[in-house]
Amino acid sequence: MTETLTPFYEKEVRCLNCEKSFHTRKVRSRFLRVQKVHPDFYIEYKNPSLNPYFYEIDVCPSCGFAAADTFSPGFPPGTKAVIEQQFQQWNKQDFNKERTSDEAIRALKLGVLSAVLKKEKHVVIAGLCLRLAWIYRLEDREEEEIRFLHQALNHYQLSYEQADFVSTQMSEMRILYLIGELARRVGNIDEAIRYFSRVIQHKNKAFEQKLVEMAREQWYIIRSQEETVASQ
């Protein structure tokens, strides 16, 4: 008799911090159906109960350290002692289950905390903050969404300034576009226009034409909104 394939599967991972193995839940990609893609790359899925963003963070039940696949394996000197002190009150918790949005938020916040204490790259921390903003958007919690969009914007700007996105999957044009779009979403319009213009005029624009089109679209939206306000 053939076993029915479920939307979830368990993956064994090893904690980067305490090195203990544990199981964590993931969503099978074949069960995902895209509803809509937002301009800041947030993917809305048709089945809200199957949301891979909820499971991007692996939380160690033993020590509380939470990591994503984007974390580097090594620890800068002194960071392990800081992490141990931060999590010394950790009561063993198991995140290997179907997560609610609140549980996903808790896992991602643990991931941000762990990434900051571990001194991960700004581009990694920015990605986690952006995912937190997306989940708050899903929950229609605008104030919290804007709060984490601001944090994501700040870390993406630091990542660009320090070039710590180099050798990751993030291209220069993509990070410039994201900075522009996040700036637009939090109301920093002049900054948004400046970064969208840098995407449109980028030396590699021929290789990432979709990003150029997206930057132009968002730039036109800003201009049309400004014209509407001016005519009132």
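Student: What does the accessible surface of the protein come to, and what share belongs to carbon and sulfur atoms?
Tutor: This is a predicted model, and its accessible surface comes to about 12,900 Å². Carbon and sulfur atoms hold 48% of that surface.

Student: And how much of the protein is buried?
Tutor: Buried residues are 47% of the 232 residues.

Student: What about the charges, how far apart are the mean positions of the positive and negative ones?
Tutor: The protein has 33 positive and 32 negative charges, and their mean positions are 4 Å apart.

Student: Okay, switching to the fold. How many helices and strands are there?
Tutor: There are seven helices and six strands. Going along the sequence, the pattern reads β-β-β-β-β-β-α-α-α-α-α-α-α. The radius of gyration is 19 Å, close to the 17 Å that the globule rule gives for 232 residues, so the protein is as compact as a globular protein of that length.

Student: What does the C-alpha trace span along its principal axes?
Tutor: About 60 × 50 × 35 Å.

Student: And what share of the contacts join residues 24 or more positions apart?
Tutor: They account for 60% of the contacts, taking those with a separation of 6 or more.

Student: Let's do helices. What can you tell me about H5?
Tutor: Helix H5 covers residues 172-185, which is 14 residues. From first C-alpha to last it reaches 20 Å, close to the 20 Å expected at 1.5 Å a residue.

Student: Why is H5 said to be largely enclosed?
Tutor: Because 11 of its 14 residues are buried, H5 is largely enclosed by the rest of the structure. The buried residues include Met173, Ile175, Leu176 and Tyr177, and also Glu181 and Arg184.

Student: What comes just after H5?
Tutor: Glycine 187, which takes a positive phi of about 95 degrees.

Student: Which residues of H4 are buried, and what covers them?
Tutor: Among the buried ones are Phe148, Leu149, Leu153, Tyr156 and Tyr160. Their cover includes helix H2 (101-118), helix H3 (122-138), H5 and helix H6 (189-200). Just past the end of H4, alanine 163 has a positive phi of about 60 degrees.

Student: You mentioned H2. Is H2 enclosed by the rest of the structure, or open to the outside?
Tutor: With 13 of its 18 residues buried, H2 is largely enclosed by the rest of the structure. The 18 residues of H2 should span 26 Å at 1.5 Å a residue, and the end C-alpha atoms are 25 Å apart, which agrees.

Student: Now the loops. Where is glutamate 19?
Tutor: Glutamate 19 is in the loop between strand S1 (8-14) and strand S2 (21-27). Its phi is near 70 degrees, a positive value in a residue other than glycine. Glutamate 19 counts as partly exposed, at 46% relative accessibility.

Student: And phenylalanine 41, buried or exposed?
Tutor: Phenylalanine 41 is buried, with a relative accessible area of 15%. You'll find it in the loop between strand S3 (34-37) and strand S4 (43-45). Phenylalanine 41 is not a glycine, yet its phi is positive, about 75 degrees.

Student: What is in contact with glycine 64?
Tutor: Leaving aside neighbours within four places in sequence, glycine 64 is in contact with Val59, Phe87, Trp90 and Leu110. Glycine 64 sits in the loop between strand S5 (58-59) and strand S6 (66-67), and at 0% relative accessibility it counts as buried. Its C-alpha atom is 13 Å from that of lysine 118, which is 54 residues apart along the chain.

Student: Last one: where does leucine 5 lie, and what does it touch?
Tutor: Leucine 5 lies in the segment before S1. Not counting residues up to four places away in sequence, leucine 5 touches Arg28, Arg30 and Phe31. The C-alpha atoms of leucine 5 and arginine 28 are separated by 9.5 Å, with the two residues 23 apart along the chain. At 38% relative accessibility, leucine 5 counts as partly exposed.

Conventions: Residues numbered from 1 in each chain as written. Predicted model: local features only at pLDDT ≥ 70, side-chain atom pairs only at ≥ 80, totals over all residues. Heavy atoms only, no water. Helix = DSSP H or I, 4+ residues; strand = E, 2+ residues; numbered from the N terminus. Rg over C-alpha atoms; globule rule 2.2 N^0.38 Å. Buried < 20%, exposed > 50% of the residue type's maximum accessible area, 1.4 Å probe, protein only. Contact = heavy atoms within 4.5 Å. Areas by Shrake-Rupley, 256 points an atom, 1.4 Å probe, with all protein chains shown as cover. Lys, Arg positive; Asp, Glu negative; His and termini not counted. Charge placed at Lys NZ, Arg CZ, Asp CG, Glu CD. Expected span 1.5 Å × (residues − 1).
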